[in-house]
Amino acid sequence: MSNDINQPPEIITGSIVTMHFSLSLTDGSEAISTFGEEPAHFQMGDGTLMPTLEMVIFGLKQGDKHERILNELESFGPRDSKLVSELPLSDFPDDLQPEPSQIISFSADDGAEAPGEIQSVEDGIVTVDFNHPLAGRDVIFKVEILEVQNGGAM
């Protein structure tokens, strides 16, 4: 079997990929999308995409469109109750009044930044959820492959 040089290259480990993608919840609400914006550009295996998402696009070619529903274990994992913390309101700066649904960046012990979503503010206690916003949910991963380059570095 010979390779047809007219066939576009398949996405393999190390491929340089330009694509549009979106992640949506099964209720149709969109979490992120590059459609109508600048496309994503990365090299397979560089950590830009989660391994599960890389597996979905592995073998696709330029022009391919694909959609797959990923369960919580394939996407951002289950929600972890240990990642929900109660903090005293007095720990927050005076000029910051936390409100439910607000996302705030917190400094972790190692100096890294960790986003947390305010769940509630009651009786001087702020409940903060540090789970990924898509954790515990099925997501729809939709892609359109715009270009695939093999055999070169970005």
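How many of the residues of S1 are buried? In this predicted model, 10 of the 10 residues of S1 are buried, so the strand is largely enclosed by the rest of the structure. The side chains of Ile-16, Thr-18, His-20, Ser-22 and Ser-24 point one way from S1, whereas those of Val-17, Met-19, Phe-21, Leu-23 and Leu-25 point the other way, and all of these residues are buried. In a regular strand the side chains alternate between the two faces of the sheet.

The pairing of S1 involves several other strands. S1 and S9 are antiparallel and are paired over 10 bridges, with Glu-147 of S9 as the bridge partner of Thr-18. An antiparallel arrangement also relates S1 to S3, the two being joined by 4 bridges, and here Val-17 stands opposite Phe-42 of S3. With strand S2, which spans residues 30-33, S1 forms 3 bridges, again in the antiparallel sense, and Ser-24 is placed opposite Glu-30 of S2. The hairpin of S1 and S2 has 4 residues between the strands, and within this hairpin Gly-28 takes a positive phi near 100 degrees.

The relative accessible area of Ser-24 is 12%, and because the cut-off for a buried residue is under 20%, Ser-24 counts as buried. Beyond residues up to four places away in sequence, Ser-24 touches Ser-29, Glu-30 and Ala-31, and also Asp-138, Val-139 and Ile-140.

Met-19 belongs to the largest nonpolar core, which has 21 residues; Ile-11, Met-19, Phe-42, Ile-57, Phe-141, Val-143 and Ile-145 are the members that touch the most other members. At least two residues of this core are supplied by each of strand S1 (16-25), strand S3 (40-43), helix H1 (51-57) and strand S9 (139-149). When residues up to four places away in sequence are not counted, the contacts of Met-19 comprise Thr-34, Pro-39, Ala-40, Phe-42, Leu-49, Ile-57, Phe-141, Val-143, Glu-144, Ile-145 and Leu-146. Apart from this core lies another, of 6 residues, among them Phe-92, Ile-118, Val-126 and Val-128. In soluble globular proteins, nonpolar side chains tend to be buried together.

As for annotation, an unreviewed UniProt entry places the feature "domain: PPIase FKBP-type" at residues 14-88. Over residues 14-88 the chain of the model is 9% helix and 39% strand, and the end C-alpha atoms are 47 Å apart.

Key
Residues numbered from 1 in each chain as written. Predicted model: local features only at pLDDT ≥ 70, side-chain atom pairs only at ≥ 80, totals over all residues. Heavy atoms only, no water. Core = buried A, V, L, I, M, F, W, Y, C linked by side-chain atoms within 4.5 Å. Buried < 20%, exposed > 50% of the residue type's maximum accessible area, 1.4 Å probe, protein only. Contact = heavy atoms within 4.5 Å. UniProt positions renumbered as here; feature names shortened; annotations may be inferred. Pairing = 2+ DSSP bridges.
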